[in-house]
Amino acid sequence: MAGQSDPHLSMFSPSEVEFVAEDEIVDIVPNIRMDALNMICGDFGPFYPQIPTKVPLWLAVALKKRGKCTIRTPDWMTVDRLTQVLEAERESPREFQPLPFHYIEISKLLFDHARDDISDAYLQVPIVLKNCLLLVVIMTQVRSLIEDIRDVRFHKVETGLETISGRTHAVKLKNLSAMEVNIVRPFMVRTLQAFYKHDSPQMIQQADTTGSKPTPVTDRGPRRDLRRR
Amino acid sequence: MSSWDDDESAAVSAAEAATTDVELLRRAWRNEKAAPEILRFDTPLVSRVREQIQLLEETLDDFADTGVDDLVVSLYQMDLDRTLFLLRSYLRLRLQKIEKYTMHISRSDDLLSRLSPQERRFARSCAEIMEKHLEQSVLSKLPYGYDSVTRQSLSSTEDDMVPEPQLDTFVFCKTKSDVGAFQLDDIGEEVVDLVADDLYVLRYKSIKGLVEGGRIDLI
């Protein structure tokens, strides 16, 4: 029950977010023959050696751990694509690039359990060159790209927080991912709540009756447009 | 108006046909977690998931007898564990909310109708026990006029000591499909255009109806 003492501010634990991410579908290439699995969460398979098929991430990781498949790196997780995303992310300070809703969790799970597949996936070089060093280089490259993207995005969220004011009734955060939402939630909710509370007519009225300010209650000024991020 | 309703219900049922019960339960779980107040209990969904869990448990027993491959058994076991976790977490989460807002829930028929029969029983006994406890430990020792569980004193015109969920709080939500221009406050000064796959931080109170109608997901 840890972390649930204040359920309204930090509701999902990181492991719960990861739990949800584990249901995302990925491509695997099995190396065994196995009948179709009719599970509560869906039907998967049948599995044939070398025939790609789609399964949820948790199933892929379970098979991978037992050496029964390789996980295909998602398209968005290649050095080329991530470099593009990072550039676009840097160029547009008010927008987030579209990435899978669970990109942080998916990449973490793949790094933890399928690191050899990550480098393999798009390594189109002769086998001779596929030595350990090269694999490590690519792994590190993908990982640091994702970290950079996270940093740039989070910086945007932080600077966005500074612009919240009493008139902010809605904040648009299109393309923000699940883990990013989870991280920013306590700050965002507290800030918005505090401003909302102090901007409410009752609060202003109270200030009036105590005689500090003779401003009419109705005068709340023109509302600003929604902030775009 | 009626045709619009038909369209919507058709769209909803089509969407539900395409998704598994686990997915629906996960959505209910997330919404429940993110919403400040208690949401409607989806009795058919929960009983469907329970049935599936039971069925899989029986199948797993059969597997043990027939000697199915260990790998397959362990994969089904994982599927079962994940579903069980989701269901338990969902039910527990609701009990926590009921415990927190017992008094508030038990005085409103609308809120009570959102609970399952078991939850209603829980809410009732929770309220009784709490009241008895407060009565014995504190209220019986207070002077006349200050001995109500729900009111601060006789001069209170309404129940002013009942913890209520804060519906004014802000929540993160994601739209599934286009909702269109949506009014955030009563006076219509704040309007947002909700298109599919948008992510917004909004006041729960203003989007309550969309959450209940399943047109927006809390995250």
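Chain B of this predicted model is divided into domain 1, residues 2-164, and domain 2, residues 166-219. The centres of domain 1 of chain B and domain 2 of chain B, taken over C-alpha atoms, are separated by 23 Å. Where the two domains meet, eight residues of domain 1 of chain B are in contact with eleven residues of domain 2 of chain B. On the domain 1 side of this meeting, H2(B) provides the largest share, four residues. By class, the residues on that side of domain 1 of chain B comprise four nonpolar, one polar and three charged.

The secondary structure of chain B consists of eight helices and five strands. Of the 219 residues in chain B, 22% are buried. Among contacts in chain B with a separation of 6 or more, 61% are between residues 24 or more positions apart.

An unreviewed UniProt entry lists residues 71-137 of chain B under "domain: GINS subunit". In the model, the span of residues 71-137 of chain B is 91% helix and 0% strand, and its end C-alpha atoms lie 57 Å apart.

The description now turns to the interface between the chains. In the model, 32 residues of chain B are in contact with 32 residues of chain A. On the chain B side, the elements that give two or more residues are helix H2 (21-34), helix H3 (43-66), helix H4 (70-100), strand E1 (170-175) and strand E4 (199-203). The largest share of that side, eight residues, comes from H4(B). The side of chain B that touches chain A is made up of 19 nonpolar, four polar and nine charged residues.

Strand pairing also links the two chains. Strand E6 of chain A, residues 170-172, runs antiparallel to E4(B), and three bridges join them. Within E4(B), Tyr200(B) is the residue that stands opposite Lys172(A).

The loop between helix H6 (132-162) and E6 of chain A contains Gly166(A). Gly166(A) counts as partly exposed because it has 17 C-beta neighbours inside 10 Å. Neighbours within four places in sequence aside, the contacts of Gly166(A) are with Phe195(A), His198(A) and Asp199(A). Lys64(A) stands 102 residues from Gly166(A) along the chain, and the C-alpha atoms of these two residues are separated by 51 Å.

Elsewhere in chain A, strand E1 covers residues 25-30 and has two faces. The covered face of E1(A) holds Val26(A), Ile28(A) and Pro30(A), whereas Ile25(A), Asp27(A) and Val29(A) belong to the uncovered face. E1(A) pairs with strand E4 of chain A, residues 53-56, in the antiparallel sense over four bridges. In this pairing, Ile25(A) stands opposite Pro56(A) in E4(A). E1(A) is also joined by three bridges to strand E5 of chain A, residues 69-71, and these two strands run antiparallel. Here Val29(A) has Thr70(A) in E5(A) as its bridge partner.

It remains to consider the confidence of the prediction. The predictor gives the complex an ipTM of 0.84 and a pTM of 0.84. For chain A, the mean pLDDT is 81, and 77% of the residues reach 70 or more. The pLDDT is below 50 over residues 1-5 of chain A, a stretch that has two contacts in the model beyond near neighbours in sequence. Residues 208-229 of chain A also have a pLDDT below 50, and this stretch has 27 contacts in the model beyond near neighbours in sequence. For chain B, the average pLDDT is 86, and 90% of the residues score at least 70. Over residues 1-16 of chain B the pLDDT stays under 50, and the model has two contacts beyond four places in sequence for these residues. Where pLDDT is low, predicted coordinates should not be read in detail.

Definitions and conventions. Residues numbered from 1 in each chain as written. Chains lettered and ligands numbered in written order. Predicted model: local features only at pLDDT ≥ 70, side-chain atom pairs only at ≥ 80, totals over all residues. pLDDT = per-residue confidence, 0-100. Contact = placed C-beta atoms within 7 Å. Nonpolar A, V, L, I, M, F, W, Y, C, P; charged D, E, K, R; others polar. Pairing = 2+ DSSP bridges. Buried ≥ 20, exposed ≤ 12 C-beta atoms within 10 Å, placed from the backbone. UniProt positions renumbered as here; feature names shortened; annotations may be inferred. Domains from an automatic or database assignment.
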